[in-house]
Amino acid sequence: MRLPWLLLGLALLGVALPLGADEPKKADAKPTTGEAKPLQIPYRLTETKHVLIRAKINGKGPFNFILDTGAPALFVATSVCKKLGVAPGKDGWGTFEKFEVEGGAVLSKAKGRIEDPFQLEGMNSLGLAGAELHGMIGYTVLARFRIEFDFTKDKMTWTPLDYNPPLPRGLDGGGTAGMDAMAGMVKMVTGLLGKRPKPEIVPRGFLGFAWEEKENPKTEAAEIVVNSVVADGPAAKAGLKVGDVIREFQAKHVKVANDIQKLANSVRAGDTVKVTILHPETGPKAEALTIQAAEGF
Amino acid sequence: MKRWPAAILFVFLAAAALRAQATTAQLEANKPVTVPFELIQTKHIAVQIKINGKGPYRVIFDTGAPVTLLNTKIAKESGVLGKNAKGGGFGLFGMAGQAKIKELQVGDLKAADVPAIIMDHPTVDAISKALGPIEGIVGFPFFARYKMTLDYQAKEMTFVPNGFNPPDVMASLMTTIMAMMNDKQPPPKILAPAAQWGLVVTKKADDDEPGVTIKEVRSGSAAAAAGLKAGDRLLTLDGRWTDTVADTYTAAGFVKPGQAAKVVVKRGDKEIEVAVKPVSGI
């Protein structure tokens, strides 16, 4: 069980990164969002179950950040900062003129650590999170808001507070030997496994019809009925009409909305999609249609 | 990538099979529970927990941790790990595998059957040595079960059960690792909108400006009904940035059929906001 635990170790440790022994400093970043209106911040959960939020820095990006109370500050990857032309000072901190979190939280002159925590490097190299990670949003940003998490919703709520958190102090003295060992281990494992090829990202295709789930008055069973067809769209060209009952989609039987939704999710532009339908007026004989998926959604 | 010996693969399979069933969320009474926390010098959140009634122990509360983690000392004390248990064959950091905490109490909040891994985390150790005992980390498998509000100034968190059943990071990692063991290119990831909008969007490779361009609005579609037009520059969809075609599809993936979503486009010099109600369809 060695390797899985190793890997696990590295993926999980997006936690608790004490800084070097910096002198405590005064923060000078101020939120430009004056009013305390709650903001809806979109997020998603990565494959590693990290909360990923996006931010633009100086108008560039968006970049992917992990929302991490285990990070004492904002961390931005060195590669990103290089692109942005933001260089770290001797103390490792950089200043970002405009740091804009998706959903409308804007910080000006935000201070952040410019470095590459080994956990992020490890996750990126193996593609564990399912998205390239560019940093972590920690205490110095999070403390400016009251933050509500609810994974049954697709957005978080951040309420700006009138607060200017101080920059964190690091741990004085040693205690980093273990962390160095961990970093070394992560590098070793990622080296052993090599770069994981990234999956190709493809937008779904467009067929141009909509459906509703209805109860068949005779059989009392649920069925999928076409309730609109986009004029001149692929489905219209194939002969699909409003009122048609969809029996099969890609040779799989569909009865409820969820059935067809799931199957539809794997259609790519250019795919040939086979649909078996019943025309209510032509009686019980099923008809097979072939629809050429186009671009769009 | 190198081929791994069959033996290692076998170990992976065994590990995957050992995975316990996903926990079902335990719905406690639906009233908010407030848990005070301590902000330690490193700006980590420390809370007091009890494990199976033992404790209290001081741990870090970490939204960036996809697991809950206990050190071997408290895992043994609380009976999560047998007293004489050894590490899982991998001595470093005392990693002893995954276990389930029967009852995890954070402040006054009790949760049942919380998965945890047992490990002496070097970072936690380092903080512990400098700032007093820290015995572990409370992460996603715990807090994801709640609607949670985090307020650094009040130094407190509130929790209300929300019925969310946290997916198991172990399981998904195993899948990822298994995929990595293959030399093959992973299957393409299809970005599926959750509903039909009637839009075709495009962006040229050398176009660095925010947004994507609407190439076509299908006649009779939800997008047409909302007044969107070909040539509009789509800036956000449901509050999400649409700076690439892929991001546009991802954003549309969150909007359910019949849900009115705010869409912001730039038309000429003006920013226009409309509501689009996409339909069940493709």
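Helices (H or I, at least four residues) and strands (E, at least two) are DSSP runs, numbered from the N terminus. The views below show a predicted model, in which local features need pLDDT of at least 70 and side-chain atom pairs count only at pLDDT 80 or more, whereas totals for chains, interfaces and linings use all residues. Residues are numbered from 1 along each chain as its sequence is written, chains are lettered from A and ligands numbered from 1 in the order in which they are written, and side-chain values use heavy atoms, with hydrogens and water left out.

**View 1. Chain A as a whole, with seven helices and 18 strands.** Of the 297 residues in chain A, 54% are buried, where buried means under 20% relative accessible area, exposed over 50%, and partly exposed in between (1.4 Å probe, protein chains only). Among contacts (heavy atoms within 4.5 Å) in chain A between residues at least 6 apart in sequence, 64% join residues at least 24 apart.

**View 2. The sheet of six strands from chains A and B.** The order in this open sheet is β2(A)-β11(A)-β10(A)-β9(B)-β10(B)-β1(B), with antiparallel pairing; two strands pair if DSSP finds at least two bridges between them. At the edges are β2 (39-42) of chain A and β1 (33-36) of chain B, each of which pairs on one side only. On average, neighbouring strands of the sheet are turned by 20 degrees against each other, direction ignored. Four bridges join β1(B) in the antiparallel sense to strand β10 (residues 156-161) of chain B, where E156(B) is the bridge partner of P36(B).

**View 3. The largest nonpolar core, of 72 residues.** A nonpolar core is a set of buried Ala, Val, Leu, Ile, Met, Phe, Trp, Tyr and Cys residues joined through side-chain atoms within 4.5 Å. W158(A) and F142(B) touch the most other members of this core, and strand β7 (residues 109-118) of chain B contributes its largest share, five residues. Apart from this core lies another, of 29 residues, among them A129(A), M136(A), I60(B) and I117(B). With neighbours within four places in sequence left aside, the residues in contact with F142(B) include F61(B), L104(B), V114(B) and F159(B).

**View 4. Helix α7 (residues 257-264) of chain A and its buried residues.** I260(A), Q261(A), L263(A) and A264(A) are buried in this helix, and what covers the buried residues of α7(A) includes β13 (209-215), β14 (222-229), β15 (245-249) and β16 (252-253) of chain A. β15(A) pairs in the antiparallel sense with β14(A) over two bridges and with strand β17 (residues 272-278) of chain A over four bridges. I246(A) in β15(A) stands opposite I224(A), and I277(A) in β17(A) is also a bridge partner of I246(A). β15(A) and β16(A) form a hairpin with two residues between them, and Q250(A) in the turn has a positive phi of about 50 degrees.

**View 5. E271(B) in strand β17 (residues 270-276) of chain B.** E271(B) is exposed, with a relative accessible area of 56%. Its contacts, leaving aside neighbours within four places in sequence, are with L235(B), V264(B), V265(B) and K266(B). The C-alpha atoms of E271(B) and R233(B), 38 residues apart along the chain, are separated by 9.1 Å.

Methods: Axes are lines fitted to C-alpha atoms, for helices over the stretch in contact, and angles run from 0 to 180 degrees between N-to-C directions.
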